[in-house]
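Biologist: Here is a model to go through term by term. Please set each value against its definition before you conclude anything.

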Amino acid sequence: MRTLCQEAHELLMARQEGYGDMIESWRRIASAVSRRTGTHLSAEAALWVLIEMKFERDRNSPENADHLRDAIGYLGILGQLRAEEASLRSSDTAVIRLDRA
């Protein structure tokens, strides 16, 4: 029997294969919402909206495991986004050090 985490991972991999890079997709989503609303929304904030929506749905219908599976998937994307941004920040720092030398 697969766990919710395994199911979430499999679903994310299938969606990435069908829809493309998840991180870039969330950045585009955040950018589009920012343009529509006139208020900056980061990819992280956009993900948190969906995560909280899934938590709210779970509070109202805890018998439906899809809510938690989807929240786990969104949290996984959030983790990847943060890791990528941290990597970019550390590589930016390295470039700055090299430029100063």
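Biologist: In which helix does A8 lie?

Modeller: A8 lies in helix α1, which covers residues 4–19. Helices here are DSSP runs of H or I with at least four residues, strands are runs of E with at least two, and both are numbered from the N terminus. This is a predicted model, in which local features need pLDDT of at least 70, side-chain atom pairs count only at pLDDT 80 or more, and totals for chains, interfaces and linings use all residues. Residues are numbered from 1 along each chain as its sequence is written, and side-chain values use heavy atoms, with hydrogens and water left out.

Biologist: What makes the span of α1 agree with its number of residues?

Modeller: The expected span of a helix is 1.5 Å times one less than its number of residues. For the 16 residues of α1 that gives 22 Å, and the end C-alpha atoms are 22 Å apart, so the two agree. Just after α1, G20 has a positive phi of about 100 degrees.

Biologist: Why is A8 called buried?

Modeller: Buried means under 20% relative accessible area, exposed means over 50%, and partly exposed is in between, with a 1.4 Å probe and protein chains only. A8 has 4% relative accessibility, so A8 counts as buried.

Biologist: Which residues does A8 touch, not counting residues up to four places away in sequence?

Modeller: A8 touches R69, I72 and G73 on that count. Contact means heavy atoms within 4.5 Å.

Biologist: Why does S61 count as buried?

Modeller: The relative accessible area of S61 is 18%, so S61 is buried. S61 lies in the loop between α3 (43–60) and α4 (66–100).

Biologist: What joins the side chains of S61 and H67?

Modeller: A polar contact of 2.9 Å joins them. The term requires a pair of N or O atoms within 3.5 Å; within protein, one must be able to donate a hydrogen and the other to accept it, and residues adjacent in sequence count only if both atoms are side-chain atoms.

Biologist: How many cavities of 30 Å³ or more does a search of the whole structure find?

Modeller: The search finds one. On a 1 Å grid over the protein atoms alone, a cavity is a set of points where a 1.4 Å probe fits but cannot get out, whereas a pocket is an open set with protein on both sides within 12 Å along at least five of seven lines; lining residues have an atom within 4 Å of a point. The largest cavity holds about 50 Å³ of space. Grid points are joined across faces, edges and corners, and a volume is the space filled by probe spheres set on the points.

Biologist: Which residues line the largest cavity?

Modeller: The lining consists of A8, L11, L12, R15, R69, D70, G73 and Y74. The elements giving two or more residues to it are α1 and α4. By class, four of the lining residues are nonpolar, one is polar and three are charged. Ala, Val, Leu, Ile, Met, Phe, Trp, Tyr, Cys and Pro count as nonpolar, Asp, Glu, Lys and Arg as charged, and the others, Gly among them, as polar.

Biologist: Why is D70 called buried?

Modeller: D70 has 12% relative accessibility, so D70 counts as buried. D70 is in helix α4. Leaving aside neighbours within four places in sequence, D70 is in contact with L11 and K54.

Biologist: What is the volume of the largest pocket?

Modeller: The volume is about 200 Å³. Among the residues that line this pocket are L12, Y19, W26 and I77. The elements that give two or more residues to the lining are α1, α2 (22–37) and α4. Seven lining residues are nonpolar, three are polar and one is charged.

Biologist: Why does L47 count as buried?

Modeller: L47 is at 0% relative accessibility, so L47 counts as buried. L47 lies in helix α3. Not counting residues up to four places away in sequence, L47 touches W26, Y74, I77, L78 and L81.

Biologist: What makes I23 buried?

Modeller: I23 is at 5% relative accessibility, so I23 is buried. I23 is placed in helix α2. Its contacts, leaving aside neighbours within four places in sequence, are I77, Q80, L81 and E84.
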